[in-house]
Amino acid sequence: MKTIIYLTLAAATALLSSCRNGNGDYDASGIFETTEITVSARGTGELTSLDVEEGMTVKAGQPVGYIDTVQLHLKKEELMASLQATDSRRYNISQQIASLKQEITTQKNEQIRFRNLVEDKAANSKQLDDINARIAVLEKQLAAQTETLENSNRGVSGQVRMLEAQIAQVEDMIRKCAVTSPADGTVLTKYAEQGEMAAQGRSLFKVGDLTDMYLRAYITADQLTELKIGQEVKVYADEGKTGRREYRGTVSWISDKAEFTPKTIQTRDERANLVYAVKIAVTNDGYIKRGMYGEIKTD
């Protein structure tokens, strides 16, 4: 009788130990990850400052460093001077054609006067014909000069727009020399230091959101029918040597393609060859770390 009692106690103790160690009481396991963003230089030049350190919290759009912009500012000044000189070549058409228009007005007044004289037989028609011909010539000269001046101004306007576009490009390059984080998060890795040369595309630092993390786990085909997007599940993270910390998680993504089971991942069916990756969104209370193992259990 005592032997039976001892065996029962031993089995209960083993079962309790198994539960504490997280063996056999979960549906899948995986690794906690976070969305990581590698911030790269968008300009070229010396890093005059880069005020980030690993573990530092940054805000989206917060300037954390600058790339030297002296040459860009000088280029902008050069373009501004060219713009001013080009724009000064624009003609004031109304002033340029004012004398011709005045002469045409004078000739038309003479046309009216001589028409009346011709009607009164006080002047011959040849004088009126000469005035009409003169008006026709002046109007053609006015049209030609106006077209020439307008074409010249259109050419100046095109050059002005080109220079304005170049200035806008330089201003955009100057803005991009300010190093900012594209999202709120924590600096995970720093790749560059102040005084080093930066080139477009060079990685400066990596930032990640350690508040909204997710557990990437793998489930078997049988378990696939038990999960859906938006479903709440229990998530467990290691706490100490034997404990586990429980969180509420939400299924945010389920892969539509099967893959071979990663060697480091356990599933409910250890013999499964093909599994599906899932992501479980979890709000981190500060205790979950990147790369930490976690487990899930459906309700």
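These legends describe close-up views of a predicted model. Local features need pLDDT of at least 70, side-chain atom pairs count only at pLDDT 80 or more, and totals for chains, interfaces and linings use all residues. Residues are numbered from 1 along each chain as its sequence is written, and side-chain values use heavy atoms, without hydrogens and water.

**View 1. An open sheet of four strands.** The order is β6-β5-β3-β8, with antiparallel pairing. Strands are DSSP runs of E, at least two residues, and helices are runs of H or I, at least four, numbered from the N terminus. Two strands pair if DSSP finds at least two bridges between them. The edges are β6 (178-180) and β8 (197-198), each pairing on one side only.

**View 2. Strands β3 and β5.** Three bridges join β3 (residues 45-50) to β5 (residues 63-67). L47 stands opposite I67 in β5. Beyond its neighbours within four places in sequence, L47 contacts (heavy atoms within 4.5 Å) residues including Y66, V179, A192 and L204.

**View 3. S49 in strand β3.** S49 is buried, with a relative accessible area of 14%; buried means under 20%, exposed over 50%, partly exposed in between (1.4 Å probe, protein chains only). Not counting residues up to four places away in sequence, S49 touches V64, G65, Y66 and Q194.

**View 4. The largest nonpolar core, 25 residues.** Such a core is a set of buried Ala, Val, Leu, Ile, Met, Phe, Trp, Tyr and Cys residues joined through side-chain atoms within 4.5 Å. Among the residues touching the most other members are L47, I67 and F205. Elements giving two or more residues are β3, β5, α2 (70-87), α5 (125-175) and β9 (203-208). The largest share, six residues, comes from α5.
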